[in-house]
Amino acid sequence: MSKELLFKYVLTLGDDALILGQRLSQWVYKGPFLEEDIALSNISLDMFGRANLFLEYAASLKGSTTTADDLAFKRNEREFSNHILCEQPNGNFANTMARQFFLDAFYKLFFEKLAESEDEQLSAIAQKSIKETTYHFRHSSKWVIRLGDGTAESHEKMQSAIDNLWMFTDELFEMNEVDNNMLTQKIGVDCLTIKAKWDQIIDEVLSEATLKRPENIHMTSGGREGIHTEHLGHLLSDMQYLQRAYPDAEW
Amino acid sequence: MVKEISTHTIWELLKTIPDPEIPAISIVDLGIVRKVYFEETTLYITVTPTYSGCPAMSFMKDEIIRHLELQGITNCQINTSLAPAWTTDWMSDEVKTKLKEAGIAPPSAEINCPQCDSKKVQVVSEFGSTACKALYKCLDCLEPFHHFKPI
């Protein structure tokens, strides 16, 4: 088995959690009210915990002296392979909830499959993550419903958030060379098979929220190959600042 | 020197280490200590994280080392296992009673107010002051309280 391909596979899972966790942490002390501030911080922490598990595993596959911190803080934008949706700015609260809702629904289904992976470590992390993602999904989907089926203004903002982020959702289901290889080896997940279930979940929640499912007019991707939107660089410059200014600093 | 100590003694010692965020229960009550065994002269302790991002995990590991060192046990290695994933099902009824006495509704599908036992409770936030708790309030006695989330 090619360790390099497994490394790339695990890296994407770690990058998704890391970048989404960093985005969510930007809400800390700016939440719309105290309980929600705490909720977003909690979810962010779960993401960092998950990122740590995946990146530690990735680092062990890389061998030599690479650590999870090296992967998080010493790679450039083009070396990150997270899905573009994760790096999208927080925007208003509706934007953050739409992003979270799309990703929670995806990862809930993804981890259920990954739990069956023949790779023991991936299966263990997946089993752990499912439980947390179930809570996250309940939180984000409830907000989509509450805001969609709320006031005229909240409805309009929620619909516009769903519309604006829709173009990034297709990438979640794209299967590249790494994914196909991992699937053949019964390590990875067949994202095409979870697409129908994801569509169903999205449709159910959007319908309860009185929101419209957008058309697939122009879908974009490239994150897996390191082609990101301009937002990732800014996020990294903030996240990696300390390690770049004071290499190998510890506390 | 380590060999003379039984694993039973180690378990008893671990039971005296409080959960840093819910000091009413010990780290053993919480269910994060999975295995205690000796190999040659080294003591191995296997722990499992509650939530993957729980910031108290590293502190709890440090506390285990510190408590063991106080007893003169320095040859100890702590390993982390992820599977089976931690679940609140591992908590005994005795532990659940301790939580209730501390004002935290124990993990269960039916949530009663830990103060007045009322069933009329309302969720305030699914996410509380720690990863493992949700925030509720009682509609009868009006007290806010934490619920230890069942996972």
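How far apart do the C-alpha centres of domain 1 of chain B and domain 2 of chain B lie? In this predicted model, local features need pLDDT of at least 70 and side-chain atom pairs count only at pLDDT 80 or more, while totals for chains, interfaces and linings use all residues. Residues are numbered from 1 along each chain as its sequence is written, and chains are lettered from A and ligands numbered from 1 in the order in which they are written.

Chain B is divided into domain 1 (7–86) and domain 2 (91–148), with bounds from an automatic or database domain assignment. Their C-alpha centres lie 26 Å apart. Ten residues of domain 1 of chain B are in contact with ten of domain 2 of chain B (C-beta atoms, placed from the backbone, within 7 Å). On the domain 1 side, five of these residues are nonpolar, three polar and two charged (nonpolar: Ala, Val, Leu, Ile, Met, Phe, Trp, Tyr, Cys and Pro; charged: Asp, Glu, Lys and Arg; polar: the others, Gly among them).

Turning to chain A, helix 1 (residues 3–25) and helix 8 (residues 177–184) pack at about 110°, their axes 9 Å apart. Helices are DSSP runs (H or I, at least four residues), numbered from the N terminus; axes are lines fitted to C-alpha atoms over the stretch in contact, and angles run from 0 to 180 degrees between N-to-C directions. Helix 1 of chain A is therefore roughly perpendicular to helix 8 of chain A (65 to 115 degrees; under 35 is roughly parallel, over 145 roughly antiparallel, the rest oblique). Leu5(A), Lys8(A) and Tyr9(A) of helix 1 meet Val178(A), Asn181(A) and Met182(A) of helix 8.

Between the chains, the contact takes 16 residues from chain B and 22 from chain A. The chain B side has eleven nonpolar, four polar and one charged residues.

How values were computed:
Two residues are in contact if their C-beta atoms, placed from the backbone, lie within 7 Å. Helices (H or I, at least four residues) and strands (E, at least two) are DSSP runs, numbered from the N terminus.
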